[in-house]
Amino acid sequence: MAATIMDGKALAAKVKEEVARDVAELGGIGLATVLVGDDPASHIYIRLKHEAAEAVGIRSDDRRLPADISQEELLEVVEELNADDSIDGVLVQSPMPDHLDEELTVETLDPAKDVDGFHPRNAGALYLGEPLLVPATPLGVMRMLEEYEVELSGARAVVIGRSNIVGKPMAHLLLQANATVTVAHSRTRDLAAVVNEADILVAAVGVAHLVTADMIKTGAAVVDVGMNRTEAGLVGDVDPGAADRAAFITPVPGGVGPMTIAMLLANTVKAARARRARLANRPD
Ligand code: NAD
């Protein structure tokens, strides 16, 4: 059986079209990014986010701060963006230089503008089953599963990885969609046996081809979040041979990656809508 390829590039283009329509309807949406220091990969990510924002009509505000900025100065920038009514979404690019407290910085963000969904308030809302702003990568995975009509209710889902930005929110979203969810991680015993139970597998580890074809249950939907740079180029956490057993599979590249930026833009629109509705209902 050859799997249906879940085409993240095509779906991301569709999501961006939807976002562009929403932006045109709402008008004047602003996304601010804060980048501290000169990590080369972060520079690329920030550039891609800005290009994507501009392409859908979201105005972007690109804050570049020196690597030796103090925690206090960084928090001042975040607070300024919190207070700026023309800004609907704010994200602080990770990783930050070691002398800065990433947690404190995220906690200082206005949760209503936290388009990465990393603020404890947003993480807590997801845990309680009332999500508003959810991290873009797992959100993109849910959108792909929905697009390809993968049945989630009652299905056995296995998420490999328990990071706060991918694995944990992914598990909660699948649970809320009524899947029976197992979270596997670096201490999991007999990963092959756990993976073999999965009707839906989401691999978010960062180890090239950790999941081999023989682990996959026949007919499973396989989502590969992993992005591993190897001599052979960018590869995922799942061996591409898994396509012979899976019913659905995401490619790397061209799967989850493009969806992440598209969902960040969708989150910016969501934040703008929610904040404007609240401002409109504010008693004078
Ligand atoms: P992380 O390093 O924070 O977490 C990795 C997780 O994998 C940990 O919870 C760990 O317990 C688990 N793990 C490590 N080794 C394992 C093993 N041998 N068996 C089972 N579990 C193991 O990483 P992250 O930020 O969650 O990212 C995971 C991967 O997803 C990376 O390759 C990253 O580049 C990629 N990623 C891609 C996107 C995208 O847009 N496509 C976005 C975010 C992350």
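## Basis of the description

Helices (H or I, at least four residues) and strands (E, at least two) are DSSP runs, numbered from the N terminus. Arg-275, for example, lies in helix α9. This is a predicted model, in which local features need pLDDT of at least 70 and side-chain atom pairs count only at pLDDT 80 or more, whereas totals for chains, interfaces and linings use all residues. Residues are numbered from 1 along each chain as its sequence is written, and side-chain values use heavy atoms, with hydrogens and water left out.

The ligand is surrounded by 20 residues, each with a heavy atom within 4 Å of it. The closest are Arg-162, Ser-163, Ser-186, Met-227 and Thr-260. By residue class, this shell holds nine nonpolar, 10 polar and one charged residue; Ala, Val, Leu, Ile, Met, Phe, Trp, Tyr, Cys and Pro count as nonpolar, Asp, Glu, Lys and Arg as charged, and the others, Gly among them, as polar. Helix α9 (residues 256-280) supplies the largest share of the shell, three residues.

Polar contacts are pairs of N or O atoms within 3.5 Å. A polar backbone atom of Arg-162 is 2.8 Å from an oxygen atom of the ligand, and a polar backbone atom of His-185 is 3.4 Å from a ligand nitrogen atom. Thr-260 places a polar side-chain atom 2.8 Å from an oxygen atom of the ligand. Of the 860 Å² that the ligand exposes when taken alone, the protein buries 71% (Shrake-Rupley method, 1.4 Å probe).

## Nonpolar cores

A nonpolar core is a set of buried Ala, Val, Leu, Ile, Met, Phe, Trp, Tyr and Cys residues joined through side-chain atoms within 4.5 Å; buried means under 20% relative accessible area, exposed over 50%, and partly exposed in between (1.4 Å probe, protein chains only). The largest core has 53 residues, of which Ile-58, Leu-145, Leu-174 and Ile-200 touch the most other members. Helix α9 gives the most to this core, with 10 residues. A second, separate core of 19 residues includes Ala-3, Leu-201, Ala-220 and Ala-246.

Contact means heavy atoms within 4.5 Å. Residues up to four places away in sequence aside, Leu-145 touches Met-6, Val-150, Leu-152, Leu-174, Ile-200, Ala-221 and Val-223.

Arg-275 of helix α9 is buried, with a relative accessible area of 6%. Apart from neighbours within four places in sequence, Arg-275 is in contact with Asp-85, Ile-87, Asp-88, Ala-112 and Lys-113.

Ala-136, in helix α6, is also buried, at 8% relative accessibility. With the sequence neighbours within four places again set aside, Ala-136 contacts Asp-116, Thr-260, Met-263, Leu-264 and Asn-267. One of these, Thr-260, is among the residues closest to the ligand.

## Backbone features in loops

Two peptide bonds to proline are described here. Ser-94 and Pro-95 are joined by a cis bond with omega about 0°, and Pro-95 lies in the loop between β4 (89-92) and α4 (102-108). The bond from Val-252 to Pro-253 is cis as well, with omega near 0°; Pro-253 belongs to the loop between β11 (248-249) and α9.

Positive phi values occur at Glu-149, about 55°, and at Asn-178, near 70°, neither being a glycine. Glu-149 is in the loop between α6 (136-147) and β5 (156-160) and is exposed, with a relative accessible area of 71%. Asn-178 is in the loop between α7 (167-176) and β6 (180-184).

Key
A polar contact is a pair of N or O atoms within 3.5 Å; within protein, one must be able to donate a hydrogen and the other to accept it, and residues adjacent in sequence count only if both atoms are side-chain atoms.
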